[in-house]
Amino acid sequence: MGENFVNFMGGSPLNRLSWLRPSQSFLNAVVASPTTRWVLFKSGMPLIETNPTTEKRTLALLTTNDVKPLLGSEPYFGQGQNPGEACTTEAPAVEAARLHGPPIVFLGLNETSPDNAAALPSSDFKDPHAAVANLEGTPYFSLDVVDLEESQVDEVIQNSELGKTDAKLAFTDPRAAMGSLDLFTAAVFAQARSMVDWNERNKFCPACGSPSYSLWAGWKLSCSSLLPWADNTGKKPCPSGRGLNNFCHPRTDPVVIMVVMNEAGDKIILGRNKKFPPKFYSALAGFVEPGESYEDAVKREMWEEAGVKVWNIRYHSGQPWPFPANLMLGFYATADPSAPIRTDLDNELEDAGWYTREEVLAALAQTPGTGHNDKKIASVWTDDKAKPQSGPNGVVKEEEPLFKMPPPTAIAGVLIKHWAEGKIEAGNAIKGNL
């Protein structure tokens, strides 16, 4: 089933060229490419471009020439001890190291013809500038400006190619921004935001507390005590220097999210977390714990949150969820509706209960976000009420659904919608291409 359906923010459209991340010559060459585009973040908020006429929003993509004043001294990768110096050693601890300037992540290449893409082996990049010139597509980087002077960032944005147009450019709340993106930019956003967040959160070595630094174009972090010029006099060797140097890799936290139905398949369990906005109900979910399979996590979470025993667990699809770096894993399961529902075990839910297909369809009919560019999607996650409607005698009244549902940009909304539309059977079958 997972291959038959791609959730919003999934699909990973970029060729990440992960085997080229250690190559500082490739990275420095691709930064200089006129086709390269940059996604900017500030405190986790993406820079968003809004069309003044249509109000359509998308990721603002800047050129290398635009962002150059923010990047610091060259080389941008393979940096030495001081700004402007290139590292002269080829030790693993300095592979494509970035020691100076704001955090940069190489996201990958959006290939012009991905179905006929070249393999791009490392051997092709012995002359990196010539090889990059022959790349067919658009390279993407992310840049985190949170630690830079606000006035400097504002000046760069205003002087950018986009800044000289009529487009409105602003750093925007990520949850509000994501509902405005198309499928391609949503997937780029998910990757970029998770990586920006990971680099921002991991400033120090977890083994010895020394400052960490970036390797592999933002995809590895290492302890500064391992640098060739580090002064470790009187210090114990950092445990991360043993073996493969125990580099810190980007993390992804798996979360199971499940729609549980009765054996007849005409009712499902929905719950309301205490932190949810008013009237908002969704599928139950929880993090996978060490020593658990995904199926184990489904069973445990349903028992802990609702006191419900489930069986017949089957996978639907997954969704990257960059808040900050979760992977949502969607499942269906079966339970007995005659058994009591309890919310007093872990006390996470304010309410939970069984809902019929008719009730769910009625709520879905009033849930905004039937299209990915519907600006009202953001209101589903907030305390905002539905848009006022004109009633009898012109009196304006609030149109309120029985309860709010997740939008189709979230896997919870997809799981619930597919069940409500009869695409999910009570037994083992999940019907065809959805």
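**Notes on the predicted model**

1. Proline 75 is found in the loop between α2 and β5, where helices (H or I, at least four residues) and strands (E, at least two) are DSSP runs numbered from the N terminus. The peptide bond that leads from glutamate 74 into proline 75 is cis, with omega near -5 degrees. A cis peptide bond also joins phenylalanine 323 and proline 324, with omega about 5 degrees, and proline 324 is found in the loop between β13 (311-321) and β14 (326-334).

2. A word on the basis of these notes: this is a predicted model, in which local features need pLDDT of at least 70 and side-chain atom pairs count only at pLDDT 80 or more, while totals for chains, interfaces and linings use all residues. Residues are numbered from 1 along each chain as its sequence is written, and side-chain values use heavy atoms, with hydrogens and water left out.

3. On the overall fold, the secondary structure of the protein comes to ten helices and 17 strands. Of its 434 residues, 47% count as buried, where buried means under 20% relative accessible area, exposed over 50%, and partly exposed in between (1.4 Å probe, protein chains only). Among contacts (heavy atoms within 4.5 Å) with a separation of 6 or more, residues 24 or more positions apart account for 71%. The protein exposes about 20700 Å², of which carbon and sulfur atoms supply 50%; accessible areas come from the Shrake-Rupley method with a 1.4 Å probe, and for residues only the protein chains shown count as cover.

4. Helix α1 spans residues 24-31, and its buried residues are Phe26, Leu27, Ala29, Val30 and Val31. The cover over these buried residues includes β1 (37-42), α2 (64-71), β5 (104-111), α3 (128-133) and β6 (137-144). In the loop between α1 and β1 sits serine 33, which counts as buried at 10% relative accessibility. Leaving aside residues up to four places away in sequence, serine 33 touches Thr64 and Val132.

5. The strands that follow can be traced through their pairings, a pair being two strands between which DSSP finds at least two bridges. β1 pairs with strand β2 (residues 45-50) in the antiparallel sense over two bridges, and phenylalanine 41 stands opposite proline 46 in β2. β2 also pairs with strand β3 (residues 57-59), again antiparallel, over three bridges, with isoleucine 48 opposite leucine 59 in β3. Four bridges join β2 to strand β7 (residues 168-171), and these two run antiparallel; here glutamate 49 stands opposite leucine 169 in β7.

6. Serine 12, although not a glycine, has a positive phi of about 35 degrees; serine 12 is found in the segment before α1 and is partly exposed at 39% relative accessibility.

7. Helix α6 (residues 183-201) has 19 residues and reaches 27 Å from its first C-alpha to its last, close to the 27 Å expected at 1.5 Å a residue, the expected span being 1.5 Å times one less than the number of residues. Because 15 of the 19 residues of α6 are buried, this helix is largely enclosed by the rest of the structure. At the start of α6, a side-chain oxygen of aspartate 182 reaches to within 3.2 Å of the backbone nitrogen of phenylalanine 184.

8. Cysteine 205 counts as buried at 9% relative accessibility, and cysteine 223 is buried with a relative accessible area of 3%.

Note on methods: Polar contact = N/O pair within 3.5 Å; in protein donor to acceptor, adjacent residues only side chain to side chain.
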